[in-house]
Amino acid sequence: MHAKSRRSAFSTIVIIAVALTFTALNSSCVSKTKQSAGVSSKVSSDLTLVSAQERSQRLSHVNYELEVDLLSATSQELEAQYSGKQTISFKLSRVDRDLRIDFFEGSVSSITVNGQAVANTAKQTYFITIPAAALRLGQNTIEISYAQKFSRTGQGLHRFRDPVDDNVYLYTQFETYEANRFMPCFDQPDLRSTLTMKVLAPADWTVVTATKEKSHAPGGKPNSRLWSFATTPTLPTYLFSLHAGPYASFSDNSTSVPLRLFVRQSMKPLVRPKDWFTFSKQGIRFYETFFTQKYPFGKLDQLIVPEFNAGGMENAGAITYSEWTLPRSEPTRRMRRGLAGLVLHEIAHMWFGDLVTMAWWNDLWLNESFATYMSSLAMAEATEFKEGWQAFAAGVKSGAYTQDAMSTTHPIEATIESVKQAESNFDGITYNKGASVIKQLAFYVTHESFRRGLQDYFKKHRFGNTKLTDFVAAIQGHTKKNLSVWADRWLRQSGTDRISTEWMCDGDRLHSIQINLETLSGRQFRPQSIEVGLYKLNKGRAALSDKIRIDYEHDGAVEATGNWKCPDFIYANQNDHGYVNTVLDKRSVEFVTRHISRISDATTRAMVWNDLWRMVRETELPLKSYVAVLSSGLSTEKDELILQQVVSTLAGRGVGSVLNYWPTDEKSRAELLTFVGTMEREFLSRISQSRTGSDEEKFWYDSLTKIARTKPTLDHLVKLYESGKISTAFPLDLDRKWEITALLSRYQHPQADAILKTMQMTDATDRGIRAALSVQAIGPDFERKRSWIKEFQTLDSKRPLQEVQAVMSSLFPPEQAQLRLRFDSTFYEFFAKYRNTEDQYRAGTFISGLLPLICEKEPAQRLKSALSRYADANPALKKNLLMSLDEDERCQRVRAHAGI
């Protein structure tokens with residue numbers, strides 16, 4: 001799955017802008033109560049590792065046959081249910097205890113075990129308990145007739161009704177532990193199983209799942225069709241899927257893998273199938289060659305679905321994506337590169353995750369780290385986006401360093417005691433750091449050895465489950481490096497080591513460089529290989545003059561000797577092979593702060609910007625000094641990726657940016673307004689200098705809306721809104737018009753209400769509905785905010801989750817911090833009451849919107865006390881609150897050291 005969003009109920013908590021954070025959370029208060037008959041005595045939907053291991057030791061050869069009736073989906077009833085009949089066959093090696101079948105809520109009308117009826121009381125809230133007396137050694141068959149509600153939170157089988165044409169669409173989302181929200185099953189990754197499905201659906205619908213349909217014919221009920229599908233290969237339950245509705249489709253049969261792309265009818269005009277199919281074919285060809293394993297499924301369907309909680313999800317043969325992949329205007333190169341990365345990530349999962357799956361969630365990195373790494377490799381080597389590794393350094397790796405510096409960091413191979421704890425592992429460590437460490441490993445052992453090891457890995461474990469030791473053994477067969485030490489030090493330790501250089505020229509020559517690798521306190525030395533780059537300023541450009549490979553097999557310093565031209569600065573992680581915090585020596589700092597835009601290598605330049613921003617966050621460089629570099633650097637920088645990276649540090653969403661780290665005393669607020677005004681004028685100037693309709697023009701306009709707040713600029717945006725365009729070839733699309741509308745409401749512009757009313761009449765789509773809710777929430781109207789909070793604080797709102805998220809994520813922009821604190825009692829009451837609710841998505845959304853942190857000591861201390869008091873809180877919720885607290889305390893330190 002690609003996070004890039006989400007990945008959990010609580011991903012909406014605003015912590016820090018991390019580029020793929022895939023973030024993207026949950027961890028668990030596992031009940032310590034004695035378990036009976038293999039079923040947890042705690043009334044919770046959680047599944048512990050102990051229970052999962054006990055079950056997998058007993059069960060084998062699991063097969064599901066499912067008949068599901070979806071005809072009720074078109075009902076106007078919000079609480080509508082669908083029905084299913086599930087037949088589960090399996091072999092059992094022990095019958096000395098009851099057997100748990102996972103099934104979240106729902107109801108059963110009959111249960112038959114080996115031909116004998118079992119009382120429906122076997123169905124409990126979150127699972128079905130099959131009595132040991134009904135089971136037998138060897139082959140067993142269980143038949144369950146059940147009913148379940150359609151989801152409105154993106155979990156299980158989600159139902160969406162399009163406000164444009166009233167069409168209804170369904171899709172499933174099962175990772176991590178949500179297949180059991182759709183059907184009774186043994187919902188854990190190591191119990192691979194097959195699924196044979198029949199689906200009764202409205203006659204004009206298309207039904208999609210992991211395998212191609214065998215037939216679809218009149219279903220025996222009015223206006224219905226019965227779809228029958230081939231049996232799947234053995235898969236973990238979280239990779240099954242079912243998608244149904246009157247989807248529009250595109251197809252491409254030009255390769256050995258048939259490709260189809262689905263989208264709801266009203267969004268069809270926004271789809272650019274050529275890009276989707278091009279990136280997909282490039283990815284499949286690259287991976288098949290790299291792994292020497294053919295694409296493992298008979299077809300590849302990709303569905304772009306509404307109200308999706310993630311960027312993408314790697315359902316076997318039927319990948320789902322968020323509709324945010326569909327801009328309502330001509331996409332820029334940056335947008336297309338982002339789509340390519342997302343598609344390549346999900347297709348990489350067809351091997352990493354689907355063909356070979358981790359045995360338990362502690363090894364989630366075997367899925368996500370590799371998909372993230374491989375997508376960047378494929379992008380750089382198989383697509384038009386040769387800047388893939390630069391994007392990796394600026395985004396993925398930057399996000400890794402950020403999360404690895406937090407108190408909530410954890411080893412890549414995490415300790416996961418339950419599925420609820422597993423949710424908290426979908427984060428910047430598993431995705432970003434894991435991918436960064438894999439990149440480092442490939443350089444350490446050589447890329448060819450790494451590739452051959454992966455080929456062995458897939459060949460040996462095809463359609464199986466693996467652990468860390470299996471992966472290490474595959475690579476170890478192709479290198480003399482001790483990978484047991486490598487794995488132990490890199491995958492079972494958290495934190496980031498530091499690398500620095502010491503050097504002094506003799507006249508115009510340099511004869512030695514000392515490269516110091518400083519192991520983080522409390523950690524063991526981690527072996528890795530790096531390159532050191534020497535840069536020399538010549539004709540206005542600082543170009544790479546020499547490059548030295550350093551292999552670290554022990555802690556401490558390495559001396560490199562040679563006879564080089566005296567450089568102007570040295571970079572100790574050239575080409576971004578190492579996973580280290582690069583500490584620039586004094587001479588190099590002086591050089592880059594004056595000449596950063598002159599560094600000719602864009603990847604190095606991107607990494608230096610990362611280093612400078614890290615120095616700000618670690619109070620090694622005052623914010624004032626960074627602002628000076630930023631102001632001069634922006635005026636001369638031309639690289640689109642770097643500009644995007646730097647502007648994100650200027651005005652990142654919510655926290656972790658120059659504008660949010662700026663001190664808030666009266667004098668500083670005045671200076672901030674002056675600075676913002678200067679930046680606004682700079683951005684407006686860059687817009688006017690850009691070619692009309694160009695990506696450059698769009699970038700500077702979008703950057704302007706991230707910082708705009710002064711009245712002259714807001715007035716200018718109103719004029720642009722009224723004209724409907726920025727320039728001749730740059731019309732304002734609906735999403736950009738909504739951004740203007742939100743800014744006007746946020747800063748109480750006199751025309752805000754009138755423009756909102758016009759936009760509501762103009763854009764009646766679901767995206768427009770959510771945008772209008774955000775605009776209504778963002779203004780500094782206390783009574784309106786109180787009304788929203790009252791509606792959502794009991795978790796019984798009938799609104800779909802994404803509408804709740806639209807309101808709560810906009811409710812308190814940073815400048816309304818004091819207004820947010822007026823609701824702190826509501827926050828703490830809600831947290832105490834719902835800290836372990838099963839409705840985790842809505843609860844997490846509410847908590848993120850009311851989080852009472854304002855970069856001040858007293859509110860932070862109060863949250864810290866509450867977290868200590870409620871140590872039993874849902875693990876994902878607790879982790880996200882700790883991350884937010886960590887960032888808030890960092891904000892306090894940066895402000896104190898700002899020099900402003």
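This is a predicted model: local features need pLDDT of at least 70, side-chain atom pairs count only at pLDDT 80 or more; totals for chains, interfaces and linings use all residues.
**Stop 1: the whole chain**

Show the chain as a cartoon and you will find 28 helices and 30 strands. Its radius of gyration is 28 Å, close to the 29 Å that the globule rule gives for 900 residues, so the chain is as compact as a globular protein of that length. If you draw a box around the C-alpha atoms along the principal axes, it comes out at roughly 90 × 70 × 60 Å.

**Stop 2**

The whole structure holds 59 salt bridges, and we will visit a few. Select Arg55 and Asp102 and show their side chains. The closest N and O atoms of this salt bridge are 2.7 Å apart. Arg55 sits in helix H1 (residues 49-58) and Asp102 in strand E3 (residues 99-102), so the pair ties together parts that are 47 residues apart in sequence. Are these two residues buried or exposed? Arg55 has a relative accessible area of 3%, so it counts as buried. Asp102 is buried as well, because its relative accessible area is 0%.

**Stop 3: a salt bridge with partly exposed partners**

Move on to Arg333 and Glu384, whose side chains meet in a salt bridge at 3.5 Å, N to O. This pair also links distant parts of the chain, 51 residues apart: Arg333 belongs to helix H3 (residues 333-348), while Glu384 is in the loop between helix H4 (365-382) and helix H5 (388-404). Arg333 is partly exposed, at 29% relative accessibility. Glu384 is partly exposed too, with a relative accessible area of 39%.

**Stop 4: a salt bridge inside one helix**

Select helix H21 (residues 766-778) and look for Asp766 and Arg770, which are 4 residues apart and so separated by about one helical turn. They form a salt bridge, with the closest N and O atoms 3.0 Å apart. Both residues are buried.

**Stop 5: a hairpin**

Turn to strand E12 (residues 213-218) and strand E13 (residues 224-229), which pair in the antiparallel sense over 5 bridges. Pick Ala217 and look across to Leu226 in E13, which stands opposite. The two strands form a hairpin with 5 residues between them, and Gly220 in the turn has a positive phi of about 90°.

**Stop 6: a five-stranded sheet**

Next, display the open sheet of 5 strands. In which order do the strands lie? The order is E15-E16-E17-E19-E18, with mixed pairing. Strand E15 (248-252) and strand E18 (312-313) are the edges, each pairing on one side only. Zoom in on E15 and strand E16 (residues 259-263), which run antiparallel and are joined by 5 bridges. Among the residues here, Asp252 has Leu259 in E16 as its bridge partner.

**Stop 7**

Most residues other than glycine have a negative phi, and most peptide bonds are trans.

- Select Glu175 and Thr176: the peptide bond between them is cis, with omega near 10°. Thr176 is in the loop between strand E9 (168-173) and strand E10 (193-202).
- Select Asp166, a residue other than glycine with a positive phi, near 70°. Asp166 lies in the loop between strand E8 (156-161) and E9, and is partly exposed at a relative accessible area of 41%.
- Select Thr619, which has a positive phi of about 55° although it is not a glycine. Look for Thr619 in the loop between helix H12 (602-617) and helix H13 (623-636), where it is partly exposed at 27% relative accessibility.

How values were computed
Residues are numbered from 1 along each chain as its sequence is written. Side-chain values use heavy atoms; hydrogens and water are left out. The radius of gyration is taken over C-alpha atoms; the globule rule is 2.2 Å times the number of residues to the power 0.38. A salt bridge is a side-chain nitrogen of Lys or Arg within 4 Å of a carboxyl oxygen of Asp or Glu. Buried means under 20% relative accessible area, exposed over 50%, partly exposed in between (1.4 Å probe, protein chains only). Two strands pair if DSSP finds at least two bridges between them.
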